[in-house]
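Please take a look at the chain below.

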Amino acid sequence: MVKKPKEQRLKSLAFYSPVETVIEEVLNLGFSEVASATVISDAKFWSKKIFKNGQETVTVSDEIGDADYLRDPVVTICGGLKTIKALNRLV
């Protein structure tokens, strides 16, 4: 019998919590960090981390460098409703 893959959704969220809090929650949900990089986009530098748990993927992007405004981590989730709801609680 072939096991049907779980339905996944794509969701992006901007958090008002510190990036450390967001990463801690992602790890508590059973995800493991599989990659990290510094990305340059629109003349801004971003620290980007990718986490996986089975077929689900979560990326956490945080702007780095000097800024005179609040920077919110951006989380993109390709996963199930349970993961989306759990991370949505931090918003």
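The report starts with the overall layout and then turns to single elements and residues.

## Model and confidence

This is a predicted model. The protein chain averages a pLDDT of 87, and 87% of the residues score at least 70. Among the elements, strand E1 (residues 9–14) has the lowest confidence, at a mean of 89. E2 has the highest, at 94.

## Overall layout

The protein chain holds two helices and five strands. From the N terminus on, the order is β-α-β-β-β-β-α. Buried residues make up 29% of the 91 residues.

How much of the contact set comes from residues 24 or more positions apart? Counting contacts with a separation of 6 or more, such pairs account for 48%.

## Strand pairing

Start with E2 (residues 32–41) and E3 (residues 44–53). These strands pair in the antiparallel sense over nine bridges. Ala35 stands opposite Ile50 in E3. The hairpin of E2 and E3 has two residues between the strands, and Asp42 takes a positive phi near 55° there.

E3 also pairs with E4. The two run antiparallel and are joined by nine bridges. In this pairing, Ser47 stands opposite Asp62 in E4. E3 and E4 form a hairpin, again with two residues between them. Gly54 in the turn has a positive phi of about 65°.

Thr59 stands opposite Thr76 in E5. E4 is mostly covered, with seven of its nine residues buried.

## Nonpolar core

The largest nonpolar core has 14 residues. Which of them touch the most other members? They are Val26, Phe51, Val58, Val60, Val75, Ile77 and Leu87. Helix H1 (19–28), strand E4 (56–64), strand E5 (74–79) and helix H2 (81–88) each supply at least two residues of this core. H1 gives the most, with four residues.

Setting aside residues up to four places away in sequence, Ile77 touches Arg9, Leu10, Lys11 and Leu13, among others.

Glu25 sits in helix H1. Is this residue buried or exposed? Glu25 counts as buried because its relative accessibility is 18%, under the 20% cut-off. Leaving aside neighbours within four places in sequence, Glu25 is in contact with Ala86, Leu87, Arg89 and Leu90. Leu87 in this list is also one of the core residues that touch the most other members.

Arg89, a contact of Glu25, lies in the segment after H2. Arg89 has 65% relative accessibility, so it counts as exposed; the cut-off for exposed is over 50%. The C-alpha atoms of Arg89 and Phe15 are separated by 10.0 Å. These two residues are 74 residues apart along the chain.

Lys48 is found in strand E3. At 31% relative accessibility, Lys48 counts as partly exposed, because that value falls between the 20% and 50% cut-offs. The C-alpha atoms of Lys48 and Val74 are separated by 9.4 Å, and the two residues are 26 residues apart along the chain.

## Largest pocket

Rolling a probe the size of a water molecule over the atoms shows where empty space is left. The largest pocket has a volume of about 340 Å³. How many residues line this pocket, and which lie nearest its centre? The lining has 15 residues. Lys6, Glu56, Gly80, Lys82 and Thr83 lie nearest the centre. H2 gives the most to the lining, with four residues.

Terms used. Residues numbered from 1 in each chain as written. Predicted model: local features only at pLDDT ≥ 70, side-chain atom pairs only at ≥ 80, totals over all residues. Heavy atoms only, no water. Core = buried A, V, L, I, M, F, W, Y, C linked by side-chain atoms within 4.5 Å. Buried < 20%, exposed > 50% of the residue type's maximum accessible area, 1.4 Å probe, protein only. Contact = heavy atoms within 4.5 Å. Pairing = 2+ DSSP bridges. pLDDT = per-residue confidence, 0-100. 1 Å grid on protein atoms, 1.4 Å probe; cavity = no way out; pocket = protein on both sides within 12 Å on 5 of 7 lines; lining within 4 Å. Points joined across faces, edges and corners; volume = space filled by probe spheres on them.
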